[in-house]
Amino acid sequence: MIVVLIRHSQSMNNHIASTHPETYDEERKDDPELSPLGVSQMKSLGLFLKSKGIVFDRYFCSPFYRALMSTKALFEAMDKPTDSVEILVPIHEYGGCNMKGKGYPGKSRAFVSCCGSVDCGDFPGCRIPEEVTEEGWWKNPTKETNAEAIARTKGFLVYLKQMAKENSNKCFAFLTHGGFMSILFQLLENKGKIVIDEKNLVFATENASVSILRVHEKSIETLIVNHFI
């Protein structure tokens with residue numbers, strides 16, 4: 001089974017970090033939208049994938065707003081219907097939805113179903129799990145701990161191997177986050193102690209980049225890390 005890991009494109013938090021790092025901690029949001037550049041980045045990726053004739057058998061998306069907006073821009077550029085989109089909470093960014101250690105609920109089920117659009121027709125057919133409610137999806141009153149983030153990422157790798165049992169010839173895409181993927185690649189490379197540092201990722205990936213895995217029932221092979229156009 002081929003797994004395509006896509007990092008969301010530039011969010012407003014990313015924009016602030018690159019242009020005004022000295023005020024990042026004060027200006028960042030718990031669940032930011034994409035920047036104008038971020039929308040453009042993901043549309044460019046979508047056009048590239050479309051030009052190569054790449055088709056995903058299933059497509060999973062983090063519930064964070066920047067991931068939803070990235071998905072919307074990607075699918076518009078690929079001219080694909082969004083009824084194949086599935087929200088998968090466990091691929092959210094490490095730490096969960098938080099600000100300075102305090103947990104926030106994230107977007108509501110209604111918001112997610114519309115991808116934040118005034119017109120829900122812009123994002124029809126998205127499949128949303130029951131854990132995303134009208135109160136949001138992040139239930140923890142605090143930030144996710146490092147141990148919890150590592151355990152969650154390990155669980156995702158087990159999930160991929162389970163999926164590979166019956167989907168050996170399929171191609172699945174997961175739109176996720178840089179910090180989550182840094183933990184994931186450290187686990188795959190057997191780095192021992194997992195380092196989690198938002199500002200100094202061990203495996204840093206660019207916004208709107210693509211990484212590719214080949215997943216078997218008992219093993220996972222890394223093919224490409226951090227390819228971007």
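Which residues of helix 4 are buried? In this predicted model, where local features need pLDDT of at least 70, side-chain atom pairs count only at pLDDT 80 or more, and totals for chains, interfaces and linings use all residues, they are Tyr65, Arg66, Ala67, Leu68, Ser70, Thr71, Lys72, Ala73, Leu74, Phe75, Ala77 and Met78. Residues are numbered from 1 along each chain as its sequence is written, and side-chain values use heavy atoms, with hydrogens and water left out.

Helix 4 is thus mostly covered, with 12 of its 14 residues buried, that is, under 20% relative accessible area with a 1.4 Å probe and protein chains only. The elements that cover these buried residues, by contact (heavy atoms within 4.5 Å), include strand 1 (2-7), helix 3 (36-51), strand 2 (58-61), strand 3 (85-87), helix 5 (109-114) and strand 6 (171-176). At 1.5 Å a residue, the 14 residues of helix 4 (residues 65-78) should span 20 Å, which agrees with the 20 Å between its end C-alpha atoms; the expected span is 1.5 Å times one less than the number of residues. Just after helix 4, Asp79 takes a positive phi of about 60°.

Methods:
Helix = DSSP H or I, 4+ residues; strand = E, 2+ residues; numbered from the N terminus. Buried < 20%, exposed > 50% of the residue type's maximum accessible area, 1.4 Å probe, protein only.
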